[in-house]
Amino acid sequence: MSQFRNIAVGAAVAGLIGSLTPLLAQTTSFRNYRCADGTEFIVGSYPYDPQVYLQIDGGPVTLRPRPALSGKRYSGSGVTLKVNRAGRTSVKRPNRRETACEPI
């Protein structure tokens, strides 16, 4: 009887995890951007992680949230990503000017 109960509990847990997987996958966000200077990059974010992940200039960059007066600001490895309250996005990279970007 104990073995049957373990199998039943295991199946229930597997079913619960299986049912949550699509929910977690749906809340993961990836977005492509193109900037005024021709730069293109991808931003990835996850619901359980305050950081954002960029693929820019052929390499990955992890950006941590930083204080901002309005909107959101993330920075790391010399790259800064800003998103104001109106949804306008800009990126600043080392040795380059800040440039406005739009989703593709």
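Mentor: Happy to. Rings of Phe, Tyr and Trp (its six-membered ring) pair if their centres lie within 6.5 Å; planes under 30 degrees apart count as stacked, over 60 as edge-to-face and the rest as tilted. Please keep in mind that this is a predicted model, where local features need pLDDT of at least 70, side-chain atom pairs count only at pLDDT 80 or more, and totals for chains, interfaces and linings use all residues. Residues are numbered from 1 along each chain as its sequence is written, and side-chain values use heavy atoms, with hydrogens and water left out.

Trainee: Which residues form one aromatic cluster?
Mentor: A search of the whole structure finds four aromatic pairs. One of them joins tyrosine 46 and tyrosine 53, at 5.8 Å centre to centre and 65 degrees between the planes, which is edge-to-face. The aromatic cluster is made up of Phe30, Tyr46, Tyr48 and Tyr53.

Trainee: Is tyrosine 53 buried or exposed, or partly exposed?
Mentor: Buried means under 20% relative accessible area, exposed over 50%, and partly exposed in between (1.4 Å probe, protein chains only). Tyrosine 46 has a relative accessible area of 27%, so it is partly exposed. Tyrosine 53 has 27% relative accessibility and therefore counts as partly exposed.

Trainee: What is the geometry of the rings of tyrosine 33 and phenylalanine 41?
Mentor: Tyrosine 33 and phenylalanine 41 are both buried. Their ring centres are 5.2 Å apart and their planes are at 15 degrees, so the pair is stacked.

Trainee: In what order do the eight strands close into a barrel?
Mentor: Strands here are DSSP runs (E, at least two residues; helices would be H or I, at least four), numbered from the N terminus. Two strands pair if DSSP finds at least two bridges between them; β2 and β3, for example, pair in the antiparallel sense over six bridges. In this pairing, glycine 44 stands opposite tyrosine 53 in β3. The barrel is antiparallel, and its order is β1-β2-β3-β4-β5-β6-β7-β8.

Trainee: Which residues are in contact with leucine 81, leaving aside its neighbours within four places in sequence?
Mentor: Contact means heavy atoms within 4.5 Å. For leucine 81, with those neighbours left aside, the partners are Phe41, Val43, Val52, Leu54, Leu63, Lys72, Arg73, Tyr74, Thr89 and Ser90.

Trainee: What is the phi of asparagine 95?
Mentor: Most residues other than glycine have a negative phi. Asparagine 95 is in the loop between β7 (89-92) and β8 (99-103), and its relative accessible area of 82% makes it exposed. Its phi is positive, near 60 degrees.

Trainee: And what is the phi of aspartate 57?
Mentor: Aspartate 57 is in the loop between β3 and β4. It has a relative accessible area of 54%, so it is exposed. Its phi also has a positive value, near 55 degrees.
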